[in-house]
Every structure is written in structure tokens, then in C-alpha cells.
Amino acid sequence: AHRHTVQLCELQPQAVYNYTVECEGVSASGHFLSPPSNSSNLTNSTVRFLAYGDTRTNLKVDNKVVGDMLARADLPTSFVLHSGDIVTVGSSPQYWVQDFFNVSTGPNLQRLLSQIPVMACIGNHETYDEVNATLFRKKFPYSYVDPSAFYWSWGYGPDMRFFFVDQYHDYEA
């Protein structure tokens, strides 16, 4: 599997953008909502986000939960916060496909991933069998403060900041 990234610049604030990705004759479309500008006043803006987590084991239930989230996301949703435990065993590519990228058991999750950015915190399952969580870092290449740990922060617009902290890391060592 290949991972490609594109940096988008000069987007209009709080605008919906449609996109299509094509690779080897297969295409997929989606859309996303750009963040408010750093100079905007959020008191006159609506920022809507969804939060959930621990989605690794019961894929049918997870698919239903995500379907319910999407049904309630009738207003443009800016992002999803995932609290971790995305997959059963984070060191195994098989589990990333089975638990997170499986189109047949998770069509609602695939729809969500095509429409709303997911900002994830690492869970203990992402570090099973490998404390460096190489696959998590590949899927979520954030600007970690410390390369050996999983904490970082992320700003959204002028007034919001989110902090993601790995509760399983020994910060005293």
C-alpha cells in the first residue's frame, strides 16, 4: 500500500472542498471542510467535531456507531477526534486493514474517512508488540514533540488547541 500526501494552501476559510483521488485506474471521491482563518472571530463561527474511540474489535457495532455519527453530522463537521485503540494489534498491517481500512465491514468508516479528517491519539493497542508504533506513525504522521513519545498539539483556527498525550509512555525515564 502506498501513502501519498498533498499540502493544500490558500484555502478559503470554512469552505467545503470536493476532491477525487485516482490511482491505477481506481478513483474515489470525497469532500472536507477547511478550518476557519486564524484571524476570524469564532464567536460568529460554528466549529463542529465528533469524538469516539476504542473501535478495534466489534466492527459491525463500530460501523453502526459511525453511521449514526454521520447521520447526525448534517451540518458540516470539521474533524473527528479518535481517542485511540484504533486496531487490535498496531504492529500488524493485517489489523490495520481488518480493523480500520476494511471497506466490506466498515463502509460507514470509509465514508467518514473520505469526508472528515481524523485526528487520533495513540492507544495501548497501537503499541502491542512494538513500542515505537511504526504503523501508527505512518498513518498519523504528526509533529510529535519527542520522537520517542506520542504527544503533540494541534491548533484549529485562532482559538482552539487540542493536546494529544500517550498515557502509557513513561515520561520520567
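How much accessible surface does the protein have, and what percentage of it belongs to carbon and sulfur atoms? The accessible surface comes to about 10,600 Å², and 52% of this area belongs to carbon and sulfur atoms. Please keep in mind throughout the tour that the model is predicted.

**Stop 1: the whole chain**

Begin by displaying the protein as a cartoon. Four helices and seven strands make up the secondary structure. Followed from the N terminus, the elements come in the order β-β-β-α-β-α-α-β-α-β-β. With a radius of gyration of 17 Å, close to the 16 Å that the globule rule gives for 173 residues, the protein is as compact as a globular protein of that length. Along the principal axes, the C-alpha atoms fill a box of roughly 45 × 45 × 30 Å.

Next, colour the residues by accessibility. Of the 173 residues, 39% count as buried. Contacts may also be considered by their separation along the sequence: among those between residues at least 6 apart, 60% join residues at least 24 apart.

Then select the charged side chains. The protein has 17 negative and 11 positive side chains. The centres of these two sets lie 7 Å apart.

**Stop 2**

Select Tyr17 and Phe32 and show their side chains. A pair of aromatic rings is described by the distance of the centres and the angle of the planes. The count for this protein comes to 18 aromatic pairs. Tyr17 and Phe32 form one of them, a stacked pair with 5.7 Å from centre to centre and 20° between the planes. Tyr17 belongs to strand 1 (residues 16-23) and Phe32 to strand 2 (residues 26-33), so that the pair links distant parts of the chain, 15 residues apart. Are the two residues buried or exposed, or partly exposed? Tyr17 is partly exposed, because its relative accessible area is 24%, whereas Phe32 is buried, because its value is 18%. The cut-off that separates the two cases is 20%.

Now select Glu24, which lies in the loop between strand 1 and strand 2. The phi angle of Glu24 is near 50°, a positive value in a residue other than glycine. With a relative accessible area of 75%, Glu24 is exposed.

**Stop 2**

Select Tyr142 and Trp152. Their rings form a stacked pair, with 3.7 Å between the centres and 20° between the planes. This pair, too, links distant parts of the chain, its members being ten residues apart. Tyr142 is in the loop between helix 4 (134-139) and strand 6 (152-156), and Trp152 is in strand 6 itself. Tyr142 counts as buried at 16% relative accessibility, and Trp152 is buried with a relative accessible area of 7%.

**Stop 3: Ala133**

Move to Ala133, in the loop between strand 5 (118-120) and helix 4. What is its phi angle? Phi of Ala133 is near 50°, which is a positive value in a residue other than glycine. Ala133 counts as buried, at 0% relative accessibility.

**Stop 4: helix 1**

Select helix 1 (residues 59-72), in which Asn63 lies. Asn63 counts as buried, with 14% relative accessibility. Which residues does Asn63 touch, not counting residues up to four places away in sequence? Select Thr105, Gly106, Pro107, Asn108 and Leu109 to see them.

Met69 is also found in helix 1. At 11% relative accessibility, Met69 counts as buried. Leaving aside its neighbours within four places in sequence, Met69 is in contact with Leu50, Tyr52, Val80 and Leu112.

**Stop 5: after strand 7**

Finish with Asp170, which is placed in the segment after strand 7 (160-164). At 48% relative accessibility, Asp170 counts as partly exposed. Select Ala149 together with Asp170: from C-alpha to C-alpha they are 8.7 Å apart in space, and in sequence they are 21 residues apart.

Conventions. Residues are numbered from 1 along each chain as its sequence is written. This is a predicted model: local features need pLDDT of at least 70, side-chain atom pairs count only at pLDDT 80 or more; totals for chains, interfaces and linings use all residues. Side-chain values use heavy atoms; hydrogens and water are left out. Helices (H or I, at least four residues) and strands (E, at least two) are DSSP runs, numbered from the N terminus. The radius of gyration is taken over C-alpha atoms; the globule rule is 2.2 Å times the number of residues to the power 0.38. Buried means under 20% relative accessible area, exposed over 50%, partly exposed in between (1.4 Å probe, protein chains only). Contact means heavy atoms within 4.5 Å. Accessible areas come from the Shrake-Rupley method with a 1.4 Å probe; for residues, only the protein chains shown count as cover. Lys and Arg count as positive and Asp and Glu as negative; His and the chain ends are not counted. The place of a charge is taken as NZ of Lys, CZ of Arg, CG of Asp or CD of Glu. Rings of Phe, Tyr and Trp (its six-membered ring) pair if their centres lie within 6.5 Å; planes under 30 degrees apart count as stacked, over 60 as edge-to-face and the rest as tilted.
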